[in-house]
Amino acid sequence: MAALDDRLEPVVGAKSAKALAASFDLYTVRDLLHHYPRRYDERGELTDIAGLEIGEHATVLARVKSANERRMRSRNGWIFEVVITDGHRTMDCTFFNQRFQKHKLQPGSSALFAGKVSVYKNKLQLTNPDYHLIGGDGDDLEIDAFLGMIPVYPATAKLQSWQIARCVRQALELLDDVEDPLPKELRTRHGLLDYGEAIRNVHLAKDRESVHVARNRLKWDEALAVQLALAQRRRAATARPAPACPRVDAGIRAAFDERLPFELTAGQREVGESVAADLELEHPMNRLLQGEVGSGKTIVALRAMLQVVDAGRQAALLAPTEVLAAQHARSLREMLGDLASAGELGGAEQATRVALLTGSLSAPQRKQAMLDAASGAAGIVVGTHALIQDKVSFADLGLVVVDEQHRFGVEQRDALRTRAGENVSPHVLVMTATPIPRTVAMTVYGDLETSALRELPVGRSPIGTTVVPVSEKPAWLDRAWQRIREEAQAGHQAYVVCPRIGEGEGDEESTSDTSDSGSEDRRPPLAVLDVAPMLQEGPLNGLQVGVLHGRLPADDKDKVMRAFAAGELNVLVATTVVEVGVDVPNATAMVIMDAERFGVSQLHQLRGRVGRGTAPGICLLVTDMPAGTASRERLDAVASTLDGFELARLDLEMRREGDILGAVQSGRRSALKLLSLLRDEKLIAKAREEAQALIAYAPELTEFPGLARMVADLVNDERAEYLEKA
């Protein structure tokens, strides 16, 4: 017999245990049984080929449509080509020097095929895939042992789904009776299966209904564990106060409001009031401000920072890149005018100072900025990760504003928070234009208060987005460069964005979150240092083309950006350093090369760099991904809407939530295996209510050892530290 915490070696054998550990970090019976099926196939029901990702290891249930054998042209040997179908789309399977396969894979037969998805001649392909026949004389006994449903597990090239299924079945046959961690009253209240029955049914399902009931119970385990952990952390956080920053009637903020040359939108006024009320309390504000690109988040943040300065404290604005930090510092000084000239001749009677602190400042500049922060002379300190270094101190930090939070790790944000003092936590305002999965997840799970700016200021122009499928329509790329020329001739400017800098390995600047970009079969991503000269010598010959990327010295970056902003450059070829905060109203066009290598949120952010003036903007998403792939569907979806909130939901649908209990940004290593933010919002809300009641009754869960263990399993030391920081 076996218990959940037993090692896998005596249960599944040393060889299988080693493979499970190497492929998926599965070491115990509990680990294996929580490696849930990705989906379930029914005999006669085929897998949708259209949803496959290039570069992923896929397992598909398909029917053989045709089979053909031919000699290789370039060398001795044979190729056996099989076309498989899901009834709508087809996919090629190619076997090299495996003539014996023709006796097994006959037209009309069905099988589970497993291998790495690639593209050859613009068609999806599996090369030398593993397979197991379904039905008929060739039916595999391992598959046949399952009742009506065939579980399909996340698998690798070295460990196929059917091998994992065999290990799971062995573990379930030996599993002892398991004590249920959820209190009986809670299970009864919500009509939940007991744990033992749920864990068996999720792997050995009879039908779709039994799958649904089992998964619902196991989702409750995940949701409740998360909510209990968050409830414990929220309870602990109330013991650490924040510096209260009451509003001042005749302070710098009031003077700034009087000078504003435009009316605040209704959304800006409403959100500003919520933030101002939060800042007046001693309970730390932890608020997420979501807003479309160009919706005016910076004004809301500046007014909050000025309220903190009026209260005699400081505010820090954390930006993800030096380009954006420098631009923020410039724009804040411009908006404040003489209100940012404290200590200078001609400064306003009530004024503060804006300091910029980045890693590439000269030694004297850096020394002065650090002195201004430490002495309190600078009420607002703008910077990059340089603000987080131990040597940087603040006189009295009251507010941290994080711009485009998805570009920062949790640890980086936390390091700045500690600058407020050992027993005090500063208020935190996080701004983002398109929430990425963890951002939205933390919101729904209740760790952040949320505000949204949905209306755009008057004067913003529409942006048209088009996918340019170069493998199918190569002439469209020529037309794209022609459009850039037309924009330049009309007096406008354009960006060309590439995922890589060039001249060296490991220099990719994009934070691509697609599995496509990892395909070994694909060419390297296009690079700025290759594309820029190609454009200068070819389709954009005669135009002034500049280059911007993260490896340029800070002075050179600033020089390039100033030249582009001044209209001295027609085209800027750049990496994702232009993703956020860059504001050049005359830029009307953007071409994004290898667009499938960028995430949905990145594409939306990049697109937001154009159409910031009175002329309409265009964004061209260049890709060589075939139609029908998940990557193309993602690009088509981005092209279909300008709504960042809709794209945030799309991001969640096409990926998984980031690990809300750790620093992982996308869902591939999430501790949450079944819980879905989009589909399970009602379940999460119920779990939150139960967790609040349980923690109010038993803060340490000593009366509920099963729940305490469940939380401990989900929240390891690293994740517990994350929760305290978040």
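Visitor: Which strand is joined to β20 (residues 587-592), and by how many bridges?

Guide: Strands here are DSSP runs of E, at least two residues long, while helices are runs of H or I with at least four, and both are numbered from the N terminus. Two strands pair if DSSP finds at least two bridges between them. In this predicted model, β20 is linked by 4 bridges to β21 (residues 617-623), and the two run parallel. Alanine 589 faces isoleucine 618 of β21.

Visitor: How should I read the numbering and the cut-offs?

Guide: Residues are counted from 1 along each chain as its sequence is written. Local features need pLDDT of at least 70 and side-chain atom pairs 80 or more, totals for chains, interfaces and linings use all residues, and side-chain values rest on heavy atoms, without hydrogens and water.

Visitor: What is the strand order in the open sheet of 6 strands?

Guide: The order is β16-β21-β20-β17-β19-β18, with parallel pairing. β16 (463-469) and β18 (545-548) are at the edges with a single partner strand each, so one side of each has no neighbour in the sheet.

Visitor: Which strands does helix α19 (residues 600-607) touch?

Guide: Contact means heavy atoms within 4.5 Å. Angles run from 0 to 180 degrees between N-to-C directions, and axes are lines fitted to C-alpha atoms, for helices over the stretch in contact. Helix α19 packs on the sheet against β16, β17, β20 and β21, with its direction at about 150° to that of β20. Helix α17 (residues 528-537) lies across β17 (493-497), β18 and β19 (571-574), at about 155° to β19.
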